[in-house]
Amino acid sequence: MRRRKRPPLGDDAWGIGDRRPDAAPEPSSALVPVETPRPAPLVGSGFAPGLVEFAQDAVAGARAQTTTRGYEFDWEVFKAFCREHLAPFLPADPHIVVLYFAHLARDGRPRTGRRKGRAGYSMATLGRARASIAHAHHQAGKTSPTDHPLVVDALKGLRRKQGEPPARARPLMPAHLAAIVPWLRRERGSLRFLRDRALLLVGFAGAMRKSEIVALRRSDVRVSEGGLHLALVQQQGRRVAEVIPGTKYHGPADAQSVTLERDDALAALGVCPIEAAREWHAAVVEGGGAELDLPFIRRVKGRSVEDRALSSRKVDRLVKESAAAVGLDPRRYGGHSLRAGCATWLIWEKGWNVFRVRDHLRHENVETLNVYVRDWDELPPRPSAS
């Protein structure tokens, strides 16, 4: 049997650090995400202490922490694949990248999502893997192999071969919410009813992400007789106690806000978010939770309101449970149904132009609205003109 020719040693040739190329492949623990080491600070440059680290933190802050965390995880998985096959990963060869994407599409085993238990990751997962490889190369000053025509054609071929439309949550419309609120009133205790109603109606009218609404503090919410103002200055991370400054695409320096005015159509249906927020706010204050730094949406135990925030997963569970209670398929609804419902309602029912809807949903461009405005055949019939 012919022995494989030993590759040259050194980071420049293989990008695998000080690991010997002829060593046995690393165990599966290499798939565990680790902190990506930062470039070494300039030595003997005469800069003030800590300046280089401060500049590196500024560069790292260009992306949300959740995005950076996802890139680091995907990059570690790609590095493990390259190490197993004794291939360089920085810079990576386009042929290796193609084989890696083929491996993900054919042999991957998703542990969550609608593809759980099925062979192969979705094209959305492959897209994030591509972005993580490109990001790592750009950060290292290397040309990314993901722009190579071979890689581009491979992804196009995989999409044509086994791509499927992404699973998008169906929108919850005011008509749905009007049926859900009476059910909540019957099934929940008084405090839980007030909380869940405020969560659903404020989340819908404000087109809020589930990580944003559960991270609201009392100081971020101002309720008046005819309006509601929400300051979106933070979001919840993977854990309930993890609070990340800023929102998905905006940092603390350019914090966003949402101002809601009373809408007669929603009030007529009994789903006014301002009334729901006011009543829940009054219940929280009366229950002894007047501190401004406490979460606005909180856990309820019996007849008392606790100081702990809800998990963003609770929003998903509440929407699914509420959808099932009014005869909808809970598998097609989730936390994003509130945001999608608001966008669809503003376009189809309120007649807002796309630029105004874009600003309300806090998007950077109009094209993103295509993801949130749902097809009409998924919605209740439009009321006939009288």
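Two residues are in contact when heavy atoms of theirs lie within 4.5 Å. Keep that in mind for the first number. Residues 24 or more positions apart account for 61% of them.

One caution before we go on. This is a predicted model.

Now the overview. The protein chain has 15 helices and 7 strands. It has 386 residues, and 42% of those count as buried.

Let's start with the strands. Strands of a sheet pair through backbone hydrogen bonds, and the pairing is either parallel or antiparallel. Here we have an open sheet of 3 strands. The order is S1-S2-S5, and the pairing is antiparallel. Which strands sit at the edges? They are S1, residues 221–223, and S5, residues 256–261. Each of these pairs on one side only. On average, neighbouring strands of this sheet are turned by 10 degrees against each other, ignoring direction.

Look at one pairing in detail.

Next, a hairpin. Strand S6 is residues 298–301, and strand S7 is residues 304–309. They run antiparallel, joined by 3 bridges. Val300 stands opposite Val305 in S7. Between the two strands of the hairpin there are 2 residues. Gly302 is in the turn, and its phi is positive, about 65 degrees.

On to the aromatic rings. We describe a pair of rings by the distance of the centres and the angle of the planes. How many aromatic pairs does the structure hold? There are 6. Take Phe78 and Tyr100. Their ring centres are 4.9 Å apart and their planes are at 65 degrees, so this pair is edge-to-face. The pair links distant parts of the chain. Phe78 is in helix H3, residues 65–84, while Tyr100 is in helix H4, residues 94–107. That is 22 residues apart. Are Phe78 and Tyr100 buried or exposed? Both are buried.

Tyr100 has another partner. Its ring and the ring of Phe101 have centres 6.0 Å apart and planes at 40 degrees, so that pair is tilted. Phe101 is buried too, like Tyr100. Now put the rings together. Trp75, Phe78, Phe81, Phe89, Tyr100 and Phe101 form one aromatic cluster.

There is also a charge over a ring. The charged end of Arg356 sits over the ring of Trp352, 3.7 Å from the centre of that ring.

Now for helix packing. Helix H8, residues 190–205, packs against helix H12, residues 312–325. The angle is about 95 degrees, and the axes are 11 Å apart. That makes H8 roughly perpendicular to H12, because 65 to 115 degrees counts as roughly perpendicular. Which residues meet there? From H8 come Arg192, Arg195, Asp196, Leu199 and Leu200. From H12 come Lys314, Val315, Leu318, Val319 and Ser322.

Let's finish on one of those, Val315, in helix H12. Why does Val315 count as buried? Its relative accessible area is 0%, and buried means under 20%, so Val315 qualifies. Leave aside its neighbours within four places in sequence. Val315 is then in contact with Leu199, Lys210, Ile213, Val214, Gly335 and Leu338. Pick out Val214. In sequence, Val315 and Val214 are 101 residues apart. In space, they are 8.3 Å apart, C-alpha to C-alpha.

Methods. Residues are numbered from 1 along each chain as its sequence is written. This is a predicted model: local features need pLDDT of at least 70, side-chain atom pairs count only at pLDDT 80 or more; totals for chains, interfaces and linings use all residues. Side-chain values use heavy atoms; hydrogens and water are left out. Two strands pair if DSSP finds at least two bridges between them. Helices (H or I, at least four residues) and strands (E, at least two) are DSSP runs, numbered from the N terminus. Axes are lines fitted to C-alpha atoms, for helices over the stretch in contact, and angles run from 0 to 180 degrees between N-to-C directions. Rings of Phe, Tyr and Trp (its six-membered ring) pair if their centres lie within 6.5 Å; planes under 30 degrees apart count as stacked, over 60 as edge-to-face and the rest as tilted. Buried means under 20% relative accessible area, exposed over 50%, partly exposed in between (1.4 Å probe, protein chains only). A charge sits over a ring if NZ of Lys or CZ of Arg is within 6 Å of the ring centre and within 35 degrees of the ring normal. Angles under 35 degrees count as roughly parallel, over 145 as roughly antiparallel, 65 to 115 as roughly perpendicular and the rest as oblique.
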